[in-house]
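Here is a quick tour of a protein chain, with stops at some helices, strands and loops. Have the structure open and follow along.

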Amino acid sequence: MEEQKYVIAIALAEQNNKRLMPLGGKNCAEVDILSQTSKKEVEKIILDLLLRLFQRTTEGSLKISNDKTGLLLAEISFESMHKNIPVIKSNWINNGDTDTLIEELKSICSKLWSVKFKKHEGIMFNDLLN
């Protein structure tokens with residue numbers, strides 16, 4: 001049986017001088033951002049996360065902590081997600097070391113992208129593994 005995969009969107013943010021890392025995701029077969037169907041699915045995951053993040057603006061000043069890697073998308077095994085993401089999240093919230101966070105994600109994810117929006121082009125994915 002093939003290992004179950006999960007796609008997660010990760011926002012690295014700060015609110016009221018505290019780091020936060022909201023996550024959103026869902027089960028998937030495999031992510032191929034060149035496929036329109038797959039791209040629509042991951043864009044929905046990202047949109048859901050960003051809407052949740054936007055709703056937090058009523059609680060105080062909110063900013064993405066890093067322009068280049070403040071929004072991430074990862075494909076990860078379900079087991080690795082449950083075993084590793086809570087520790088990685090806690091480490092980043094406590095120390096704010098984004099470079100270490102990215103390296104830890106690279107070691108456990110089968111795919112990893114930073115996500116940006118570019119006017120007139122839409123959502124852009126930058127492969128962080130290759």
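## Asn27 and its contacts

Setting aside neighbours within four places in sequence, Asn27 is in contact with Gln4, Lys5, Tyr6 and Phe78, where contact means heavy atoms within 4.5 Å. Asn27 sits in strand β4, residues 23-28; strands here are DSSP runs of E with at least two residues, helices are runs of H or I with at least four, and both are numbered from the N terminus. At 41% relative accessibility, Asn27 counts as partly exposed. The scale is simple: buried is under 20% relative accessible area, exposed is over 50%, and partly exposed is in between, using a 1.4 Å probe and protein chains only. Asn27 and Glu41 are 14 residues apart in sequence, and C-alpha to C-alpha they are 11 Å apart in space.

A word on where this comes from: the model is predicted, local features need pLDDT of at least 70, side-chain atom pairs count only at pLDDT 80 or more, and totals for chains, interfaces and linings use all residues. Residues are numbered from 1 along each chain as its sequence is written, and side-chain values use heavy atoms, with hydrogens and water left out.

## Helix α1: two sides

Helix α1 covers residues 36-55, and its end C-alpha atoms are 28 Å apart, which agrees with the 28 Å that its 20 residues should span at 1.5 Å a residue. (The expected span is 1.5 Å times one less than the number of residues.) Which residues of α1 are buried? They are Ser38, Val42, Ile45, Ile46, Leu49 and Leu53. Looking down the axis of α1, the buried residues fall within an arc of 90°, so they line one face of the helix; the arc is that of the directions from the helix axis to the C-beta atoms. An α-helix has 3.6 residues a turn, so residues three or four places apart point the same way.

On the other side of α1, the exposed residues are Gln36, Thr37, Lys40, Phe54 and Gln55. Back on the buried side, Ser38 has a relative accessible area of 13%.

## How α2 meets α3

Two packed helices are described by the angle between their axes and the distance between the axes. Helix α2 (residues 78-95) packs with helix α3 (residues 98-108) at an angle of about 175°, their axes 10 Å apart. The axes are lines fitted to C-alpha atoms, for helices over the stretch in contact, and angles run from 0 to 180 degrees between N-to-C directions.

From α2, the contact is made by Ser80, Asn84, Ile85, Ile88, Asn91 and Trp92, and from α3 by Thr98, Leu101, Glu104, Leu105 and Ile108.

## The buried face of α3

Thr98, Leu101, Ile102, Leu105 and Ile108 are the buried residues of α3. Seen down the axis of α3, they fall within an arc of 135°, so they line one face of the helix. These buried residues pack against β1 (5-11), β6 (71-77), α2 and β7. Asp99 and Ser107, on the other side of α3, are exposed.

## Two buried strand residues

Ala11 belongs to strand β1 and counts as buried at 0% relative accessibility. Leaving out residues up to four places away in sequence, Ala11 touches Leu20, Met21, Pro22, Leu49, Leu53, Gly70 and Leu71. The C-alpha atoms of Ala11 and Met21 are separated by 5.5 Å, though the two are 10 residues apart along the chain.

Ser114 is in strand β7, residues 109-118, and is buried at 3% relative accessibility. With residues up to four places away again left out, Ser114 touches Lys68, Thr69, Leu71, Leu72, Met124, Phe125, Asn126 and Leu128.

## Positive phi in two loops

Asn17 has phi near 65°, a positive value in a residue other than glycine. Asn17 is in the loop between β2 (13-15) and β3 (18-20) and is exposed, with a relative accessible area of 80%.

For His120, phi is near 70°, again positive in a residue other than glycine. His120 lies in the loop between β7 and β8 (122-127) and is exposed, at 74% relative accessible area.

Definitions and conventions:
Expected span 1.5 Å × (residues − 1).
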